[in-house]
Amino acid sequence: MRRIALGVEYAGDAFEGWQSQPHGRTVQDVLEAALAKIGGEPVRLHCAGRTDTGVHATAQVAHFDTAAVRPMSAWVRGVNAHLPRAVVVRWAVAVDEDFHARFLAYERRYRYVLVNAPTRPALLAGRVGWFHLPLDARAMAAAVAHLAGSHDFTTFRAAGCQARSPIRHMHEATVRREGACFVFDFRADGFLHHMIRNLVGALVYVGKGRYPPDWLAEVLAARDRSLAAPTFAPDGLYLCGVSYPPRWSLPDDGRIIAVPQLPLI
């Protein structure tokens with residue numbers, strides 16, 4: 001058996017999340033079906049981050065085991081020929097049998113792109129978040145600074161989150177305005193279910209003036225989901241980076257990063 005690692009990009013609004021479901025309308029389902037056609041055998045994928053419905057990825061990493069002997073180009077161009085247009089394999093490399101896309105990742109990064117305009121976007125519908133009232137960039141930047149470091153993020157985890165610990169170390173948390181957009185960047189050792197969308201919702205509350213910047217520190221310390229803002233839409237959220245130790249023969253020494261840049265169109 002050989003273990004193959006893949007770099008995958010997809011538009012999340014075309015699927016019902018990453019994880020395989022009986023209806024088959026997930027990223028994992030279409031990828032496994034395409035890989036099986038090339039390999040001539042069933043394939044089970046394991047990914048770095050199981051994204052929700054509507055969440056996009058520019059730098060997802062996954063791996064699978066296969067007895068089929070194929071050139072690496074077959075796992076890229078051959079597989080892509082059997083995929084819908086909203087998902088593509090960017091690269092494929094053979095890795096040691098003890099590589100694991102999920103458990104060996106030491107850092108992940110997400111970007112959320114929010115259009116702040118009176119009317120909703122049309123061409124970018126499903127690819128960006130949207131909020132209609134003016135937002136205060138300075139207040140949001142002050143609030144997001146409270147997230148750096150190690151914290152108990154219980155306030156910002158989904159009720160159904162299955163992570164054993166709510167403690168995460170946030171290496172980077174920033175928000176800035178670029179034209180009509182706000183760009184939120186988060187980089188951490190891991191994230192809880194809905195964590196980014198819940199943080200964006202709280203930061204929008206600060207930006208629209210409902211609470212001062214220090215409110216974010218207060219609700220973080222409270223460890224009570226009911227005190228925070230509603231979960232924000234998935235539309236503008238991108239998994240855009242996964243990092244591994246350099247020993248695995250992955251592209252870019254294991255720092256798999258593809259941050260979406262503005263303008264998106």
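This is a predicted model: local features need pLDDT of at least 70, side-chain atom pairs count only at pLDDT 80 or more; totals for chains, interfaces and linings use all residues.
**Exercise 1. Strand β1**

Solution. 
- Step 1. Look for one partner. Strand β3, residues 56-66, pairs with β1 in the antiparallel sense, over eight bridges. Here Ala5 stands opposite His63 of β3.
- Step 2. Look for another. Strand β4, residues 87-95, also pairs with β1 over eight bridges, in the antiparallel sense. Ile4 faces Ala94 of β4 in this pairing.

**Exercise 2. Strand β10**

Task: Which strands pair with β10, and is each pairing parallel or antiparallel?

Solution. 
- Step 1. Start with burial. β10 covers residues 237-243, and seven of its seven residues are buried.
- Step 2. Take β3. It pairs with β10 in the parallel sense over two bridges. Ala57 stands opposite Leu239 of β10.
- Step 3. Take β5, residues 107-116. Six bridges join it to β10, and the two strands run antiparallel. The bridge partner of Tyr110 in β10 is Leu239.
- Step 4. Take β11, residues 255-257. It pairs with β10 in the antiparallel sense over three bridges. Val242 stands opposite Ile256 in β11.

**Exercise 3. Helix α3**

Solution. 
- Step 1. List them. In α3, residues 137-144, the buried ones are Ala139, Met140, Ala143 and Val144.
- Step 2. Recall the general rule. An α-helix has 3.6 residues a turn, so residues three or four places apart point the same way.
- Step 3. Find the cover. It includes β8 (167-178), β9 (181-188), α4 (195-207) and α5 (214-222).
- Step 4. Check the start of the helix. Asp136 caps the N-terminal end of α3. One of its side-chain oxygens lies 3.0 Å from the backbone nitrogen of Arg138.

**Exercise 4. The nonpolar cores**

Task: Find the residues that touch the most other members of the largest nonpolar core, then trace the contacts of Leu250.

Solution. 
- Step 1. Name the residues. The core holds 85 residues, and those touching the most other members are Phe156, Phe184, Phe186, Tyr244 and Leu250.
- Step 2. Ask which element gives the most. That is α4, with nine residues.
- Step 3. Follow Leu250. Not counting residues up to four places away in sequence, it touches Ala5, Trp91, Val93, Val95, Phe99, Tyr244 and Ile256.
- Step 4. Look beyond this core. A second, separate core has seven residues, including Val113, Ala117, Leu124 and Cys181.

**Exercise 5. Asp52**

Task: Where is Asp52 found, and which residues is it in contact with?

Solution. 
- Step 1. Consult the record. An unreviewed UniProt entry lists Asp52 for "active site".
- Step 2. Locate the residue. Asp52 is found in the loop between β2 (46-47) and β3.
- Step 3. Asp52 counts as partly exposed because its relative accessibility is 21%.
- Step 4. Leave aside neighbours within four places in sequence. Asp52 is then in contact with Gly17, His193, His194 and Arg197.

Notes:
Residues are numbered from 1 along each chain as its sequence is written. Side-chain values use heavy atoms; hydrogens and water are left out. Buried means under 20% relative accessible area, exposed over 50%, partly exposed in between (1.4 Å probe, protein chains only). Helices (H or I, at least four residues) and strands (E, at least two) are DSSP runs, numbered from the N terminus. Contact means heavy atoms within 4.5 Å. A polar contact is a pair of N or O atoms within 3.5 Å; within protein, one must be able to donate a hydrogen and the other to accept it, and residues adjacent in sequence count only if both atoms are side-chain atoms. Two strands pair if DSSP finds at least two bridges between them. A nonpolar core is a set of buried Ala, Val, Leu, Ile, Met, Phe, Trp, Tyr and Cys residues joined through side-chain atoms within 4.5 Å. UniProt positions are given in the numbering used here, feature names are shortened, and annotations may be inferred rather than shown by experiment.
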